[in-house]
Amino acid sequence: MSAPVVVIGSGIGGLVTALALAPRPVALVTKATPGGETSTGWAQGGIAAALGDDDSAALHLEDTLAAGDGLCDRAAAHAILAAAPEAIGFLERHGVVFDRDADGRLAFGLEAAHARRRILHAGGDATGAAVIAALTKAVAETPSVTVMADTEVRRLIVADGAVCGLVAARNGETLTIPASRVVIATGGLGGLYEISTNPPGNFGQGVMLAARAGAALADMEFIQFHPTALAADLRPLPLISEAVRGEGAVLVNEKGERFLAATPGAELAPRDVVARAIAAEIGRGGRVYLDARQALGRGFAARFPAISAICAKAGLNPAEELIPVRPAEHYAMGGIAVDQRARSSMTGLWAVGECAATGLHGANRLASNSLLEAAVCGLAAARDISRLPEASGRPLPSANLSMPAEIGVVREIVSQTLGVLRTGEGLARAVEALLPRVEAEEAASDPALVALSIAVFAHRREESRGGHARSDFPLKRPQPERQVMTLPQILDAAHALCHTPCRRSA
């Protein structure tokens, strides 16, 4: 098979990219069914877009910069947020129906750290599912997109410093696909954590593919823990959306105390602040609950039907009962370093969505900015690729199919050392445990590579900022800088920490 453009992943970023490239031929490669096993499909909160009469991209930018805790790329953030009208229009043209008020105007919700009601929803608290349903239908009706389902990309093929193809597995067979234009849209890495809201199989495959190909990574230390996942015996943990707190629900401990009452923003403080506060309550042996009884009461099910159903499955009635919550890994701010065209540092490689580090999120993602970013950057990648001439075919170098990934042993290391609160000692232990697995070229090597990247980036950041908090460095540095590293640099740093000679086989 030969395709001028290959898009890897079928969440909002991959689907928008494929649709926006039409009528240019695209192969959409996804390890499940289109839209299946994506974080997009589970998104409850919605899409942040400054489209209200009292709002502007400038106000949205200020909120984003504040949440990003000093590490946002201001120019990139401005460009992405200013493109919200185009992205929302694109989604509507491809079948997404956003909720509207009684007068037919777009209905906006409020979420933490937003100064305005600017969150668009589709189907109430099932926005992600509505977006996926509409876009997968649009892709199915687009002749220029060839969907390759149940196909897992294991390696990118590189020649002369440029991507020229990929190696994938499908139904036990090896596929080698020529492609000099590749867009990675593989989503997050929550599968590395025992407690996560992400699909459990997502360990950061796109980050791994790009790093092994030679692309630079950025901001890998910054992992966002959603403060209010349902504390239940479920995997992955379902979210109790921030929108519930936006409607007035409060957080209390087992004593009934609103432990965030004195914090600026209280329950609607930035996610890292709320997550650490809840983790501290749990760490002392306490329990934390979301109390929506007074704010929503019997209206809970009408306002949040999906969350109400989730609670019912756990035997809870949020109209009358407290909802037990806990932090869970939710979103990776870092990933493949890209510019405003979604280009990585590698020729022929673009990245969009959670697997990419655009600089929009800085050290801490502002709620509901992720779906907007994925849509905007999918459009940017498609626009950039469309301007390039058709690529001529070339012979592919030989490439072997790597073994299927085994996450279990890596998940245990990550969960113990790379959580809400980190220590230098714990990060060093993580590096020492992960490095041999990366270099052994075993089943755990690919997830171990992603985890090692997080650990090395985190060990080098000797401060607490946004989603990265260290008990041994609790303060912020006055002059924060983003970190960017390639895989050889990550391995060098890991070996230096372990005081061992560096191998180059990884």
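Biologist: What radius of gyration does the protein have, next to that of a compact globule?

Modeller: This is a predicted model, where local features need pLDDT of at least 70, side-chain atom pairs count only at pLDDT 80 or more, and totals for chains, interfaces and linings use all residues. Residues are numbered from 1 along each chain as its sequence is written, and side-chain values use heavy atoms, with hydrogens and water left out. The radius of gyration is taken over C-alpha atoms, and the globule rule is 2.2 Å times the number of residues to the power 0.38. With 506 residues that rule gives a value near 23 Å, which agrees with the protein's own 22 Å.

Biologist: How much of the protein counts as buried?

Modeller: Buried means under 20% relative accessible area, exposed means over 50%, and partly exposed is in between, using a 1.4 Å probe and protein chains only. Going by that cut-off, the buried share of the 506 residues is 59%.

Biologist: How many helices and strands are there?

Modeller: Both are DSSP runs numbered from the N terminus: helices are H or I with at least four residues, and strands are E with at least two. Counted that way, the protein has 15 helices and 19 strands.

Biologist: Which peptide bond is cis?

Modeller: Most peptide bonds are trans, and most residues other than glycine have a negative phi. Pro23 sits in the loop between helix H1 (12–21) and strand E2 (26–29). With omega near 10°, the cis bond is the one from Ala22 to Pro23.

Biologist: Why do the buried residues of H10 line one face of the helix?

Modeller: Helix H10 (residues 305–313) has Ile307, Ser308 and Cys311 as its buried residues. An α-helix has 3.6 residues a turn, so residues three or four places apart point the same way. The arc is that of the directions from the helix axis to the C-beta atoms. Seen down the axis of H10, the buried residues line one face because they fall within an arc of 100°.

Biologist: What do those buried residues of H10 pack against?

Modeller: The other side of H10 has Ala312 and Lys313 exposed. A contact here means heavy atoms within 4.5 Å. The buried residues pack against helix H7 (242–246), helix H9 (300–303) and strand E15 (323–332).

Biologist: How many aromatic pairs does a search of the whole structure find?

Modeller: Rings of Phe, Tyr and Trp (its six-membered ring) pair if their centres lie within 6.5 Å; planes under 30 degrees apart count as stacked, over 60 as edge-to-face and the rest as tilted. The search of the whole structure comes up with two.

Biologist: What is the angle between the planes of Tyr193 and Phe225?

Modeller: Tyr193 is buried at 5% relative accessibility, and Phe225 is buried at 8%. Their centres are 5.7 Å apart, and the pair is edge-to-face, with the planes at 85°.
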